[in-house]
Structures are given as structure tokens and as C-alpha cells.
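User: I would like to go through this structure with you in some detail, one question at a time. Please give the criteria behind each term as it comes up.

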Amino acid sequence: MHKSHGTPHRRSVALFGGTFDPIHSGHIAVAQAAQKRFHLDSIYFIPSSRPPHKSKLTLTPFLHRYAMVALGCTDHAGFHPSTAEAPPEGAATHVFYTVDTVRRFHREHPEDRLFFILGADQFLEIPTWKNYETLMDSCNFIIASRPGFRLDALRLVIPPEKLGRTPSNDPNTIVLRKSVIHLMTTVSSHISSTEIRHRLAKGQTIHGLVPARVEEYILEQALYR
């Protein structure tokens, strides 16, 4: 992450967290759609060291996943790889919590308007996240979803006391007391990192499923074989 230097323009910035094992074309499409719709100045892609809810998951080493994210960002203005959740030196993995990452960003960039990008399925699990009610107050959310997903499903996991007094005129927006949740159904992807890993393990092509530079890196490093 990079500190801004007192410009009069208040930046709109999004954090996009995930294992990115590997980053794929669906991630890029979601970020592009969010960048366009919300006029985002920057999107920081944050590979996680080890997600708290996936403690049994065997992840590709962080340096490989970060390298793939960096390559995936290369051709897109405003896309930035972030080491915000890089494991401490000497550690293979380390658990980071989203609420702490958001707090850190606020400390370093107090003037920025902050969004957090995640999928609808992830948001439905947010009550299991550390200090999720604090997190809901800390940033706006951009929820990427498949067409036909109902906003009411998101309301079910939001504590009633968090809801704002004035409803939004936008049918894809939920206004909270201290933040806003935006449902984005304009982009849909059936690509998954799991599918890509399975295809590579079987020796099948992943052409078009990941950015070209990422595909080249995966093949050069013989990842997921």
C-alpha cells in the first residue's frame, strides 16, 4: 500500500482480499466492473497469508501467489498488488483478520473513502468473521454476485441495529448507519481457482481462465502439478 500525499481529491479505494491461488480472469472482471461503477482510483489486491476459516487448506506459498497477483495487475491502471497480509519474515503463514487490515488502511490513509470487495457467498458468512459488526462500520462493501441473487439474503446477516433509518432508492443498495452495501450483479463468472488447480493437475489447458502473464508464470514455475 502507498500513502497519498495530501492531495485535495478524496480518493475512492477498494481492498480486494482473497487467497488468489491463483488469481483468475473472474477476479479481474469483478475488479474492472467495480472500478467503473464506483469510480475507484485504486484497487488493492491483498493475497492472504492464511485465511482464518481455511486453516486446513494447503496454500501455494505466499510469494508465488503475490507474484501472480502482481502479474495480473500489470495491464490495468489503478490495480495494485498489496503485501498487507504477507506473513512475517521467517513464517510460512500467518493469520490476518480483515477487520485489522481495514483498520491499518484507515490509519495509513485516513482521507480515503474505503470499499471492500467480496463475493456474495463470502458476505453471507460474515457473522463468523472476527469483530464483524465493527467491520461493517469501518468501510463500504461491494458485493459481487450472480444474476438473480436477492438483496434480501444479505439483509439476513446484518444486525438490525446496523441498518440506516432511510432506505436507499437503489434496489441494489443497503444503507447502514455508518456504511453502505452495494450489490453488483453486472458481472458473473463461473471460473474458480479450485477448477483451475484441478485442470492443471490433470494436464489440461487453462488458457483464457487466467491472465496471460499469470498463465505463463504458472507454466514456468510448474505450479499445481
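User: Is Thr186 buried or exposed, and what is its relative accessible area?

Analyst: This is a predicted model, in which local features need pLDDT of at least 70 and side-chain atom pairs count only at pLDDT 80 or more, while totals for chains, interfaces and linings use all residues. Residues are numbered from 1 along each chain as its sequence is written, and side-chain values use heavy atoms, with hydrogens and water left out. Buried means under 20% relative accessible area, exposed over 50%, and partly exposed in between, with a 1.4 Å probe and protein chains only. By that scale Thr186 is exposed, its relative accessible area being 65%.

User: Where does Thr186 lie, and what separates its C-alpha atom from that of Ala33?

Analyst: Helices (H or I, at least four residues) and strands (E, at least two) are DSSP runs, numbered from the N terminus. In these terms Thr186 sits in the loop between strand E7 (180-184) and helix H7 (193-201). Although Thr186 and Ala33 are 153 residues apart along the chain, the separation of their C-alpha atoms is 7.4 Å.

User: How many helices and strands are there in the chain?

Analyst: The C-alpha trace that carries these elements spans about 55 × 40 × 35 Å along its principal axes. Counted over the chain, the elements come to eight helices and seven strands.

User: What radius of gyration does the chain have, and what would a compact globule have?

Analyst: The radius of gyration is taken over C-alpha atoms, and the globule rule is 2.2 Å times the number of residues to the power 0.38. For 225 residues the rule puts a compact globule near 17 Å, and this agrees with the value of the chain, 18 Å.

User: What share of the contacts in the chain with a separation of 6 or more comes from residues 24 or more positions apart?

Analyst: Contact means heavy atoms within 4.5 Å. Among contacts with a separation of 6 or more, the share of residues 24 or more positions apart is 70%.

User: Which residues does Met136 touch, not counting residues up to four places away in sequence?

Analyst: Met136 is found in helix H5, and with a relative accessible area of 0% it is buried. Its C-alpha atom is 6.9 Å from that of Ser179, which is 43 residues away in sequence. With residues up to four places away set aside, Met136 touches Phe123, Ile126, Phe141, Val157, Ile158, Pro159, Leu176 and Ser179.

User: Which residues is Thr98 in contact with, leaving aside its neighbours within four places in sequence?

Analyst: Thr98 belongs to helix H3 (residues 98-108), and its relative accessible area of 18% makes it buried. Once the neighbours within four places in sequence are left aside, the partners of Thr98 are Phe116, Trp129 and Leu135.

User: How many disulfides does a search of the whole structure find?

Analyst: A disulfide is a covalent bond between the sulfur atoms of two cysteines; the criterion applied here is a pair of cysteine sulfur atoms within 2.5 Å. The sulfur of Cys139 is 19 Å from the closest cysteine sulfur, in Cys73, and this is too far for a bond. Cys73 counts as buried at 3% relative accessibility, and Cys139 counts as buried at 4%. The number of disulfides found in the whole structure is zero.

User: What is the phi of Asn131, and what is that of Ala222?

Analyst: Most residues other than glycine have a negative phi, and most peptide bonds are trans. Asn131, in the loop between helix H4 (120-124) and helix H5 (132-138), is partly exposed at 37%, while Ala222, in the segment after helix H8 (212-221), is partly exposed at 46%. Neither residue is a glycine, yet phi is positive in both: for Asn131 about 50°, and for Ala222 near 55°.
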